[in-house]
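Please read it alongside the sequence and the coordinates shown here.

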Amino acid sequence: MKRRRSFSSPGSAVKCTAPSTPPTPRNVDTTQFAKTKTNLNSETLSHSSNRPPKRSLSRILKIQNLPTDKWVPLDLGKRELSLPLTFPTGQTFRWKKTGTLQYTGVVKSHLVSLKHLENGDVAYQFHPLTCSTSNFTEEEDAKLALLDFLNVGIRLLICGRVLQPPIRGHHLGSVEGFQFYQFPSLERLAMISEEELREAGFGYRAKYIVGTIKALQLKPGGGVEWLSSLRELDLNEVINELSTFPGVGPKVASCIALFSLDQHHAVPVDTHVWKVATRYLMPELAGVRITSKMCSSVAEAFVAKYGKYAGWAQTLLFVSELPSQKAIIPSEVCNMKENNLLDKKVF
């Protein structure tokens, strides 16, 4: 079992005390979901009242076992996962738009495409270059990796999702002219010098990458196993552990915790999130200089308002402010309005 997590928010200089147990979102009538941005609250992020809050991966894998050249539907509707509102938001840099409402990327060593079917549901297709239908173990591993990446165990009607791969390499194939590569192993990364990384365009980050790889290799059981073990820790412990790596501060550590390590209440605070917070949560902070203490206060405010899915709420509000997303949000909202979930005021 996972240990009880502390929900206090990280700060590099000042640590603030937050509720040990955040408000638990209440089950509500989802037809009243998010009348306005300012009304987005813990009820918005509550589980669907007519569905269980969690789904086991084993049950999801019982979805019809179609050949890999067919689109296989996931038990995810457009109300839970809108691909155009999830993949182009800056957190999944390696996924490419390869068709109308279709995106392709790499999950572990598997090349996979996702798209919306005519009814809006999400379907997937593994490309034969990386997933053989004759190898049942490989196919099941690919499905499990995809479901974990999409975080499908969380049932929230918020259109976007927090994606989670915790740690690229040889060429896997091409789709619609885009080339896709597996993320290199730590062993492969350890063979690359700082100079080579700088030549590849990593700039000042090159030395941090080299230092982090060396530090990961020294972790018990190896870096990948150690990173996965962080999912079982409290948020503050995760932040402290990640912040020991070169170039990793509280904000980056919070991003990793939220998007890769099941810390759904982690709130990475930067200038963009600060603006969202001062607009919708803490208007009294508008014009105040951003400090570690103030960042902690903003993170705590998100947790106090949105509970254990504060990180998801922050992501939804952040995405809605992106110029690239504002251009597509109106059509998305209109489609959702037909299902009595949202109205034009939601964004």
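## Asp-270 and helix H9

In this predicted model, Asp-270 and Lys-251 form a salt bridge in which the closest N and O atoms are 3.7 Å apart. Because Asp-270 lies in the loop between H8 and H9 while Lys-251 belongs to helix H8, the pair ties together parts that are 19 residues apart in sequence. Lys-251 counts as partly exposed, its relative accessibility being 35%.

Asp-270 also caps the N-terminal end of H9, where one of its side-chain oxygens lies 3.1 Å from the backbone nitrogen of His-272. Within helix H9, which covers residues 271–280, the buried residues include Val-273, Trp-274, Val-276, Ala-277, Thr-278 and Tyr-280. The buried residues of this helix pack against helix H10 (292–306) and helix H11 (310–320).

## Other salt bridges

The count for the structure comes to 7 salt bridges. One of them joins the side chains of Asp-262 and Arg-231, at 3.7 Å from N to O. Asp-262 is placed in the loop between helix H8 (250–260) and H9, and Arg-231 in the loop between helix H6 (223–229) and helix H7 (235–242), so this pair ties together parts that are 31 residues apart in sequence. Asp-262 is buried, with a relative accessible area of 12%, and Arg-231 likewise counts as buried, at 14% relative accessibility.

Another salt bridge, with 3.2 Å from N to O, is formed by the side chains of Glu-194 and Arg-198. These two residues are 4 residues apart in helix H4 (residues 194–199), and are therefore separated by about one helical turn. Glu-194 is partly exposed with a relative accessible area of 27%, and Arg-198 is partly exposed with 39%. Elsewhere, Glu-139, Glu-140 and Lys-143 are linked in a network of salt bridges.

## The sheet

An open sheet of 5 strands is arranged in the order S1-S5-S4-S3-S2, and its pairing is antiparallel. S1 and S2 stand at the edges with a single partner strand each, so one side of each has no neighbour in the sheet.

Strand S3 (residues 102–107) and strand S4 (residues 110–116) run antiparallel and are joined by 6 bridges, and Leu-111 in S4 is the bridge partner of Val-106. Between S2 and S3, which also run antiparallel, there are 3 bridges, and Lys-96 stands opposite Thr-104 in S3. The hairpin of S2 and S3 has 2 residues between the strands, and Leu-101 there takes a positive phi near 55°.

## Aromatic rings

A search of the whole structure finds 8 aromatic pairs. Among them, Trp-95 and Phe-149 are stacked, with 5.5 Å centre to centre and 10° between the planes. This pair links distant parts of the chain, 54 residues apart, since Trp-95 is in the loop between strand S1 (72–73) and strand S2 (96–99) and Phe-149 is in helix H2 (residues 136–150). Both Trp-95 and Phe-149 are buried, and together with Phe-87 and Tyr-103 they form one aromatic cluster.

The pair of Tyr-309 and Trp-312 is edge-to-face, with 6.2 Å centre to centre and 75° between the planes. Tyr-309 counts as buried at 5% relative accessibility, as does Trp-312 at 1%. A charged side chain also takes part in a ring contact: Lys-219 lies over the face of Trp-226, at 4.5 Å from the ring centre.

Key: Residues are numbered from 1 along each chain as its sequence is written. This is a predicted model: local features need pLDDT of at least 70, side-chain atom pairs count only at pLDDT 80 or more; totals for chains, interfaces and linings use all residues. Side-chain values use heavy atoms; hydrogens and water are left out. Rings of Phe, Tyr and Trp (its six-membered ring) pair if their centres lie within 6.5 Å; planes under 30 degrees apart count as stacked, over 60 as edge-to-face and the rest as tilted. Buried means under 20% relative accessible area, exposed over 50%, partly exposed in between (1.4 Å probe, protein chains only). A charge sits over a ring if NZ of Lys or CZ of Arg is within 6 Å of the ring centre and within 35 degrees of the ring normal. Contact means heavy atoms within 4.5 Å. A polar contact is a pair of N or O atoms within 3.5 Å; within protein, one must be able to donate a hydrogen and the other to accept it, and residues adjacent in sequence count only if both atoms are side-chain atoms. Two strands pair if DSSP finds at least two bridges between them. A salt bridge is a side-chain nitrogen of Lys or Arg within 4 Å of a carboxyl oxygen of Asp or Glu.
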